[in-house]
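Biologist: I have not looked at this one before. Can you take me through it in short answers?

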Amino acid sequence: MTNFELTDKLKKNRRLEDHEYAQLLTTLAEKEAEYLYKSAAETAVSVYGKDVYIRGLIEISNYCRNDCYYCGIRRSNRCAERYRLTKEQILECCRRGYELGFRTFVLQGGEDGHFTDRLICDIVSSIKRQHPDCAVTLSLGEKTRASYQAYFDAGADRYLLRHETADPEHYAMLHPEELSCENRKRCLYDLKDIGYQVGCGIMVGSPFQTTEHIIEDLKFMKEFEPHMVGIGPFIPHKDTPFRDKPPGTLKDTLHLLAIIRLMLPNVLLPATTALGTIDLLGREKGIAAGANVIMPNLSPMEAKKKYILYNGKISTGDEAAEAVQNLKKRVSDIGYRVIQARGDHISV
């Protein structure tokens with residue numbers, strides 16, 4: 001079967017056999033890739049139109065109890081300048097973001113014990129009181145089911161937790177032994193069962209990743225049926241054990257974005273900051289391959305400069321208003337539009 005035929009089959013059936021995924025991931029010629037991206041973009045437009053949703057990212061802390069081998073804010077990185085935002089700073093970020101048209105706020109941070117369940121619930125409920133027409137997304141790592149339930153009861157709408165890899169052996173190559181693939185998946189299923197709109201995802205080109213690993217990830221995503229999938233290229237950080245590992249590529253990331261869109265047509269799919277970091281037009285290319293979400297940074301300037309997960313992160317010097325206007329123009333230039341909306345999954 002040709003790659004054009006495989007693209008059509010995936011668009012129709014929403015799944016492929018393992019060897020067909022492998023073929024589509026590894027043997028695309030330029031014209032075949034263009035057809036895959038075009039098919040994915042058409043699928044996204046058929047569900048969400050030409051709308052691109054923006055999420056206001058607020059990086060609340062770069063303290064983390066974990067020591068993941070790829071991450072610039074890992075516990076043992078003594079070169080990291082640590083910080084935490086106060087509740088007041090977070091609410092001010094939301095206030096400014098609301099004025100700029102954001103209707104979703106994403107609170108992201110390391111697994112920082114300072115942010116107790118009580119404090120997180122207080123911050124979430126305060127945001128919802130001040131901005132009742134907005135969604136609150138949390139991306140704060142692995143927690144107990146009781147903690148996730150408390151955040152949901154306080155008003156949190158969504159939770160982002162990349163599974164990183166669905167293969168336990170590969171997971172162990174990326175994380176210290178106290179972290180497990182099994183618990184990561186447990187968290188995701190707890191979140192979905194509670195009622196969150198849930199996002200999973202992977203790093204494309206992470207160290208030791210194989211085509212077989214990616215196929216397992218695709219099968220896991222299909223089984224899990226997430227509301228969101230966050231994927232971006234692996235980019236090494238100079239102060240981690242993976243400092244010398246090669247980064248993921250634009251091509252592989254675009255291939256996967258398109259395949260995920262065809263496999264999960266209703267999914268909310270970001271064109272990530274990491275994609276924009278490895279290619280100046282990475283986010284635009286991501287949208288042209290089926291993505292429909294962008295996450296500009298609303299964090300205070302000093303926090304942006306310290307929340308460094310990988311080398312070369314873009315937009316660490318942009319003011320939020322400047323960044324949003326720039327993004328709107330760039331999105332408009334490729335025939336799409338940034339809209340002022342919560343941007344929920346179409347099933348909600």
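**Contacts, cavities and helices**

Biologist: Which residues does Thr137 touch, not counting those up to four places away in sequence?

Modeller: Thr137 touches Thr104, Phe105, Val106 and Leu107, and also Arg158, Tyr159 and Leu160. A touch, or contact, means heavy atoms within 4.5 Å. This is a predicted model, in which local features need pLDDT of at least 70 and side-chain atom pairs count only at pLDDT 80 or more, while totals for chains, interfaces and linings use all residues. Residues are numbered from 1 along each chain as its sequence is written, and side-chain values use heavy atoms, with hydrogens and water left out.

Biologist: OK. Where is the place of Thr137?

Modeller: Thr137 sits in strand 4. Strands (E, at least two residues) and helices (H or I, at least four) are DSSP runs, numbered from the N terminus.

Biologist: And is Thr137 buried or exposed?

Modeller: Thr137 is buried, at a relative accessible area of 2%. Buried means under 20% relative accessible area, exposed over 50%, and partly exposed in between, with a 1.4 Å probe and protein chains only.

Biologist: How far apart are Thr137 and Gln108?

Modeller: In sequence they are 29 residues apart, and in space 8.4 Å, C-alpha to C-alpha.

Biologist: Next one. What about Cys200, buried or exposed?

Modeller: Cys200 is buried, with a relative accessible area of 2%, and its place is in strand 6. Leaving out residues up to four places away, its contacts include Leu161, Arg162, His163, Met221 and Phe224.

Biologist: What volume does the largest cavity have?

Modeller: The volume of the largest cavity is about 1100 Å³. Grid points are joined across faces, edges and corners, and a volume is the space filled by probe spheres set on the points. The largest cavity is lined by 48 residues, and the closest to its centre are Gln108, Ser139, Arg162, Glu164 and Leu309.

Biologist: Which strand gives the most to that lining?

Modeller: Strand 3 does, with 3 residues. By class, the lining of the largest cavity has 27 nonpolar, 12 polar and 9 charged residues. Ala, Val, Leu, Ile, Met, Phe, Trp, Tyr, Cys and Pro count as nonpolar, Asp, Glu, Lys and Arg as charged, and the others, Gly among them, as polar.

Biologist: Back to Glu164. Where does Glu164 lie?

Modeller: Glu164 is in the loop between strand 5 (158-160) and helix 7 (168-174). Glu164 is buried, with a relative accessible area of 6%. Its phi is near 70°, a positive value in a residue other than glycine.

Biologist: Which other residue has a positive phi of about 70° although it is not a glycine?

Modeller: Phe208. Phe208 is in the loop between strand 7 (203-204) and helix 9 (211-224), and is partly exposed, at a relative accessible area of 41%.

Biologist: How much space lies in the second largest cavity?

Modeller: About 40 Å³. Among the residues that line the second largest cavity are Ile60, Gly109, Glu111 and Lys143.

Biologist: And the second largest pocket, how much space lies there?

Modeller: About 190 Å³. Of its 13 lining residues, Cys79, Ala80, His237, Lys306 and Ile308 are the closest to the centre.

Biologist: Last topic, helix packing. At what angle do the axes of helix 1 and helix 10 cross?

Modeller: The axes of helix 1 (residues 3-13) and helix 10 (residues 250-263) cross at roughly 40° and come within 7 Å. That makes helix 1 oblique to helix 10. Axes are lines fitted to C-alpha atoms, for helices over the stretch in contact, and angles run from 0 to 180 degrees between N-to-C directions. Under 35 degrees counts as roughly parallel, over 145 as roughly antiparallel, 65 to 115 as roughly perpendicular, and the rest as oblique.

Biologist: Which residues in the two helices meet?

Modeller: Thr7, Leu10 and Lys11 in helix 1 meet Ile259, Leu262 and Met263 in helix 10. By class, this contact has 4 nonpolar, 1 polar and 1 charged residues.

Terms used:
1 Å grid on protein atoms, 1.4 Å probe; cavity = no way out; pocket = protein on both sides within 12 Å on 5 of 7 lines; lining within 4 Å.
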